[in-house]
Amino acid sequence: MYDPELLRTFLAVVQSLSFTRAAESLGLSQPTVSQHVRRLEEAAGRPLLVRDTRSVALTSDGEAMAGFAREILAVQDRAVGYFTGSHLQGRLRFGVTDDLALTPLPRILRDFRHLYPRIDLELTVLQNDGLIRRIESGHLDVAFVKRSPGQQPAIRGQLVRRDQLVWCGIDGTRIDPDQPVPLVVYQAPSLSRALSVQALEKVDRRSRITCTVRGVNGVLAAVRAGLGIAVLARTLMPSDLVELPASFGLPKLPQLDLVLLTRKQAPAEAAKALTSAILASGAPLTPVAGS
C-alpha cells in the first residue's frame, strides 16, 4: 500500500523540514518531492504535513507515519540484506563523532555487520574536524558528522537530521549574570565550542572555559560534576542533564545538521547499504540511557 520510494521521500522531508533540502538530498526536483508526499497522503487518506511558504510541520498522523515509514524501510532493508548481503564484500572505512557513537548507532552497525558479514567494516571515532579531514583526504569512505546549515563543504553529503544546539547543565544549575559563563568545551578546533563562544560574544556576554576535554565522555563528566555548562545537540542530550531555559539570559544557539558524507571513490554498493541503514533507522534520535 505504501510505496517505499514515497516513504523515503517523506522521511527526507521529515528529517530536514524542508521540501527544498529534501529534494537536494535525494537528487530529485522539488515538484517531484511534493508529488511523492501528496501521493502518500492520498494513500493514507489523511494530511501528514502542514506547510506554507515559510515552514513545514508534521501533523499527528505525520508523526505516526514517520515511525511506520522507518519500520517499513528497515524491514525492507533487512529483507534485501538477507537475500543479497552475502554478495557484498570488501573493506568499508566508516567514521563517526564520539557523541553520535553514544546513540543507537552501535546497534545499527551491529545489525549491518550481521546482514553483510563479508564487508570488513573499520570504525574510526574522532572529533568532527578530524573526520572531515580524513574523508577529504581519502582515509575514510563514509563519515557521520555535524556541520552548520548552509555550510558549503567539499563533500556535500546526505542530511540525516537537523537538530537544535542547546545550553545544558545539571538540574539546579545556577549562573550569576554578572560573572562570566562557565563553559565545558572540546579541544579546538570544535564546532560546538566555536558556535557557543560566538553566540555569547554577539550579546556581549563574557565566558570562561572551566574545562577542556577530548571527547564527549569528558564533557558529560565535567558538566555532571558541576564544573560548567556545555553545548549539545538537543536530541543527543542525555536524560540526566537539563536544557537551560531562556530565563538564564543565554543567547539562542544555531541549528546543526547531522550529515552522512561519502567520498566518490568509496565502494559504492557497500557505502549505499550502510547509509541506507542509518537513514532508514531515523537515528540518532535518542541518546543511550545513562550516556
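**Contacts along the chain.** I began with contacts in the protein chain between residues at least 6 apart in sequence, and found that 77% of them join residues at least 24 apart. I note here that the model is predicted.

**Overall dimensions.** I looked up the secondary structure next: the protein chain has 9 helices and 11 strands. Along its principal axes, the C-alpha trace spans about 60 × 45 × 35 Å. I then checked the radius of gyration, which is 20 Å for the protein chain; this agrees with a compact globule, because one of 291 residues would have a value near 19 Å.

**Surface and burial.** I read off an accessible surface of about 14,700 Å² for the protein chain, with 51% of it belonging to carbon and sulfur atoms. Of the 291 residues, 47% are buried.

**The largest core.** I asked myself which residues have the most contacts inside the largest nonpolar core. They are Leu92, Phe94 and Phe144, in a core of 27 residues. I listed the elements that give two or more residues to this core: strands S3 (90-97), S4 (119-126), S5 (142-147) and S11 (255-262), together with helices H5 (105-115) and H9 (268-281). H9 gives the most, with 6 residues. As a general point, nonpolar side chains in soluble globular proteins tend to be buried together.

**Leu92.** I took Leu92 and left aside its neighbours within four places in sequence. Its contacts include Phe112, Ile119, Leu121 and Val142, and also Pro267, Ala270, Ala271 and Leu274.

**Helix H2.** I turned to helix H2, which covers residues 19-26, and asked which of its residues are buried. I found Phe19, Ala22 and Ala23 to be buried. These residues lie on the same side of H2, because they cover an arc of only 100 degrees around the axis. I then looked at what covers the buried residues of H2, and this includes helix H1 (4-16), helix H3 (30-44), strand S1 (49-51) and strand S2 (56-58).

**The ends of H2.** At the N-terminal end of H2, I found Ser18 as the cap, with a side-chain oxygen 3.3 Å from the backbone nitrogen of Thr20. Just after H2, I noted that Gly27 takes a positive phi of about 70 degrees.

Notes. Residues numbered from 1 in each chain as written. Predicted model: local features only at pLDDT ≥ 70, side-chain atom pairs only at ≥ 80, totals over all residues. Heavy atoms only, no water. Buried < 20%, exposed > 50% of the residue type's maximum accessible area, 1.4 Å probe, protein only. Helix = DSSP H or I, 4+ residues; strand = E, 2+ residues; numbered from the N terminus. Arc of directions from axis to C-beta. Contact = heavy atoms within 4.5 Å. Polar contact = N/O pair within 3.5 Å; in protein donor to acceptor, adjacent residues only side chain to side chain. Rg over C-alpha atoms; globule rule 2.2 N^0.38 Å. Areas by Shrake-Rupley, 256 points an atom, 1.4 Å probe, with all protein chains shown as cover. Core = buried A, V, L, I, M, F, W, Y, C linked by side-chain atoms within 4.5 Å.
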